[in-house]
Amino acid sequence: MVVGMTDRLHLHPFCVQLDREWRRLRRSRHAVTTARSWASCVEADVAATFGGVTDLAELVAATQRRSGGHGDRLMRALVELAQSDQLAGRVIVQRLLPGLISASAPYRFRSGDADPIQLAVGSLWIAISAYDAARRPRHVAASLISDSVYKAFRQPARRRAAREEVCAPHRFDDLAPADATDPLVELARTLYEADRAGVPRRDTDLLRRIVNADSSARVAADLDVTTRTVRNRRARAVRRVSAAVCVSPAA
């Protein structure tokens, strides 16, 4: 059984799919070689964990260690690596999946036709890209789960509440929007589907960066490119994502 999995994972089709994917990935030569290479990119106190890995499940287990804050330091390193390497993000997803399942359970009947676990996992990718490890160095795993649940469920609910107005019951049908799906939740779902469809991760990561940044100029500065380059990359990314998930890009 995969490290950190619960029995509930095997009862949910989406989780079964993730579990199957993880079993193929965790010991693959390319994945293990990539994880070992991270030893040269992280602080010395966690470098040995990466350098000696033979199975990605070892990293999942190591993030759960409490002694000396090792788990938090390793999680911070993975979050930083995930900004440019989707494999690190996938390790984080596997580590947090049981917690996301539990945290999303109360929203099972509040998500309409959407699967709350898929929404939570989609929002986790956005939460990872937005996480400031320097400002929030402790309890990283719990913080990411909280951020994901907030982005997937609580933030949309607050936005809907902010738009509510008192009205007579006979006006409810007139005021109900044609599409009540929150844009952030829809984005998380779309980008997740694009990842599954094989859209290059650099494209979906760029769109996540743009959503979480204050401006295109900020993204350009982070990537050390011009704003024009960001706009061109964004246009290409939108076309690829739109083609992959069969939606029409906005004009």
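His139 sits in the loop between helix H7 and helix H8 (140-163). Helices here are DSSP runs of H or I with at least four residues, strands are E runs of at least two, and both are numbered from the N terminus. Phi of His139 is near 55°, a positive value in a residue other than glycine. Most residues other than glycine have a negative phi, and most peptide bonds are trans.

Some ground rules. This is a predicted model, so local features need pLDDT of at least 70 and side-chain atom pairs count only at pLDDT 80 or more, while totals for chains, interfaces and linings use all residues. Residues are numbered from 1 along each chain as its sequence is written, and side-chain values use heavy atoms, with hydrogens and water left out.

Now the overall picture. The protein has 13 helices and zero strands. Along the sequence the pattern reads α-α-α-α-α-α-α-α-α-α-α-α-α. Of the 251 residues in the protein, 42% are buried. Buried means under 20% relative accessible area, exposed means over 50%, and partly exposed lies in between, with a 1.4 Å probe and protein chains only. The protein exposes about 13800 Å², and carbon and sulfur atoms supply 50% of that area. Those areas come from the Shrake-Rupley method with a 1.4 Å probe; for residues, only the protein chains shown count as cover.

Next, contacts, meaning heavy atoms within 4.5 Å. Take those between residues at least 6 apart in sequence: 63% join residues at least 24 apart.

On to helix pairs. Axes are lines fitted to C-alpha atoms, for helices over the stretch in contact, and angles run from 0 to 180 degrees between N-to-C directions. Under 35 degrees counts as roughly parallel, over 145 as roughly antiparallel, 65 to 115 as roughly perpendicular, and the rest as oblique.

How do the axes of H5 and H6 cross? The axes of helix H5 (residues 70-82) and helix H6 (residues 86-104) come within 7 Å and cross at roughly 135°. H5 and H6 are therefore oblique to each other. H5 passes H6 in a left-handed crossing. Left-handed means the near helix is turned anticlockwise from the far one by less than a right angle; clockwise would be right-handed. From H5, the contact uses Met75, Leu78, Val79, Leu81 and Ala82; from H6, Ala88, Gly89, Val91, Ile92, Arg95 and Leu96. By class, the residues of this H5 and H6 contact are nine nonpolar, one polar and one charged. For the classes, Ala, Val, Leu, Ile, Met, Phe, Trp, Tyr, Cys and Pro count as nonpolar, Asp, Glu, Lys and Arg as charged, and the others, Gly among them, as polar.

H5 also meets helix H3 (residues 44-51). The axes of H3 and H5 come within 10 Å and cross at roughly 75°. H3 and H5 are therefore roughly perpendicular to each other. H3 brings Asp45, Val46, Thr49 and Phe50, and H5 brings His70, Arg73, Leu74, Ala77, Leu78 and Leu81. The H3 and H5 contact has six nonpolar, two polar and two charged residues.

H6 has another partner, helix H1 (residues 13-25). The axes of H1 and H6 come within 12 Å and cross at roughly 140°. H1 and H6 are therefore oblique to each other. H1 passes H6 in a left-handed crossing. In H1, Cys15, Leu18, Asp19, Glu21, Trp22 and Leu25 meet Leu87, Arg90, Val91, Gln94, Leu97 and Ile101 in H6. That H1 and H6 contact holds eight nonpolar, one polar and three charged residues.

Tyr107 first. Tyr107 lies in the loop between H6 and helix H7 (116-130). Buried or exposed? Tyr107 is buried, at a relative accessible area of 15%. Setting aside neighbours within four places in sequence, Tyr107 is in contact with Pro116, Val149, Phe153 and Arg154. Tyr107 and Val149 are 42 residues apart in sequence and 9.4 Å apart, C-alpha to C-alpha.

Then Ala244, in helix H13 (residues 227-245). Ala244 counts as partly exposed, because its relative accessibility is 29%.

Last, Ala134, in the loop between H7 and H8. Ala134 has 71% relative accessibility and so counts as exposed. Ala134 and Arg76 are 58 residues apart in sequence, and 8.5 Å apart in space, C-alpha to C-alpha.
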